[in-house]
Amino acid sequence: MDTEALDELAGQLRGEALGGRGLLQLATATGLAAYAVWAAVLMPGFRRVPLHLQVPYMPSSAQQVANVMALLRGRSGKTADLGSGDGRLVLEAHKQGLRPAVGYELNPWLLWLAKYRAWKAGCHEQVSFLKQDLWKANLSDCYNVTVFLAPSVKPPLAAKLLAELPDEARVVAGRFPFPSWTPSSTLGQGLEQAWAYDMKEVRRAARCGGTPGVTAAPRASPTGGLSPGEQ
Ligand SMILES: C[S@@+](CC[C@H](N)C(=O)[O-])C[C@H]1O[C@@H](n2cnc3c(N)ncnc32)[C@H](O)[C@@H]1O
């Protein structure tokens with residue numbers, strides 16, 4: 001058999017090895033490996049969260065953090081970051097005097113990292129990182145809420161915030177605004193932009209019918225008088 005014939009035979013064998021079933025097995029194995037990495041590293045702890053509500057980790061940029069914090073300047077009271085990642089917004093909120101500062105996160109690697117960063121910053125006893133599904137967290141005592149989550153979850157999140165937050169609360173969204181709410185103020189541009197929403201105004205707009213897709217959930221102030229958020 002000459003070299004040309006051997007090459008042809010080898011080519012046929014290679015084709016056979018990967019053809020049909022082989023290709024299918026390779027594709028399945030690659031898919032399973034990708035899913036295993038996604039489930040184990042990026043989204044562990046999310047088994048009970050419906051797929052359409054799952055948001056992967058992406059940290060806020062330094063400028064984004066600065067813009068979010070500037071929109072909370074001068075405020076006080078309990079502050080929560082919904083999906084706190086490595087804890088950067090919670091730590092910054094604590095530094096700015098927003099206390100208590102709490103982060104809700106499901107990814108155990110990120111929770112560990114956030115707690116380590118708090119320990120390094122010397123404030124691990126003053127801030128909390130809770131392994132809790134943000135959709136199940138009770139936010140009725142939060143006066144400042146920060147949110148850096150995908151646009152697809154903003155409509156159900158808007159409904160949750162409207163139902164639970166006190167009138168005096170301010171919500172600050174980084175990078176993606178709430179599509180059906182009118183912001184009280186905004187800062188930055190492009191990927192660094194942040195929007196502030198005052199719940200009293202959001203509810204007022206909803207009651208006047210000015211904001212489509214929003215159902216107002218009127219609430220009494222839990223504290224009465226001057227609320228922490230407005231001090
Ligand atoms: C885009 S990252 C933002 C991280 C951080 N807030 C920041 O600004 O750097 C969204 C985070 O939300 C977390 N997350 C997504 N869904 C969640 C849920 N249902 N409960 C708790 N955390 C969640 C993800 O693990 C991820 O760390």
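Trainee: Leaving aside neighbours within four places in sequence, which residues is Leu134 in contact with?

Mentor: This is a predicted model, in which local features need pLDDT of at least 70, side-chain atom pairs count only at pLDDT 80 or more, and totals for chains, interfaces and linings use all residues. Residues are numbered from 1 along each chain as its sequence is written, and side-chain values use heavy atoms, with hydrogens and water left out. Contact means heavy atoms within 4.5 Å. With neighbours within four places in sequence set aside, the contacts of Leu134 are Leu82, Gly83, Tyr104, Leu149, Leu157 and Lys160.

Trainee: Is Leu134 buried or exposed?

Mentor: Leu134 is placed in the loop between β3 (127-131) and β4 (144-147); strands are DSSP runs of E with at least two residues, helices are runs of H or I with at least four, and both are numbered from the N terminus. Buried means under 20% relative accessible area, exposed over 50%, and partly exposed in between, with a 1.4 Å probe and protein chains only. The relative accessibility of Leu134 is 10%, so Leu134 counts as buried.

Trainee: How does Ala163 count, and with what relative accessible area?

Mentor: Ala163 is in helix α6. Ala163 is partly exposed, and its relative accessible area is 43%.

Trainee: At what angle do the axes of α3 and α4 cross?

Mentor: Axes are lines fitted to C-alpha atoms, for helices over the stretch in contact, with angles from 0 to 180 degrees between N-to-C directions. For α3 (residues 62-70) and α4 (residues 88-95), the axes come within 10 Å and cross at roughly 45 degrees.

Trainee: Which term describes α3 relative to α4?

Mentor: Angles under 35 degrees count as roughly parallel, over 145 as roughly antiparallel, 65 to 115 as roughly perpendicular and the rest as oblique. The crossing is at roughly 45 degrees. Therefore α3 is, relative to α4, oblique.

Trainee: How many charged residues does the contact of α3 with α4 have?

Mentor: From α3, Val65, Val68 and Met69 meet Arg88, Leu89, Glu92 and Ala93 of α4. Ala, Val, Leu, Ile, Met, Phe, Trp, Tyr, Cys and Pro count as nonpolar, Asp, Glu, Lys and Arg as charged, and the others, Gly among them, as polar. By class, the contact has five nonpolar residues, no polar ones, and charged residues numbering two.

Trainee: Which elements do the buried residues of α7 pack against?

Mentor: In α7 (residues 199-207) the buried residues are Met199, Val202, Arg203 and Ala206. They cover an arc of only 95 degrees around the axis, so they are on the same side of α7. These buried residues pack against α6 (154-164), β5 (170-174) and β7 (194-198).

Definitions and conventions
The arc is that of the directions from the helix axis to the C-beta atoms.
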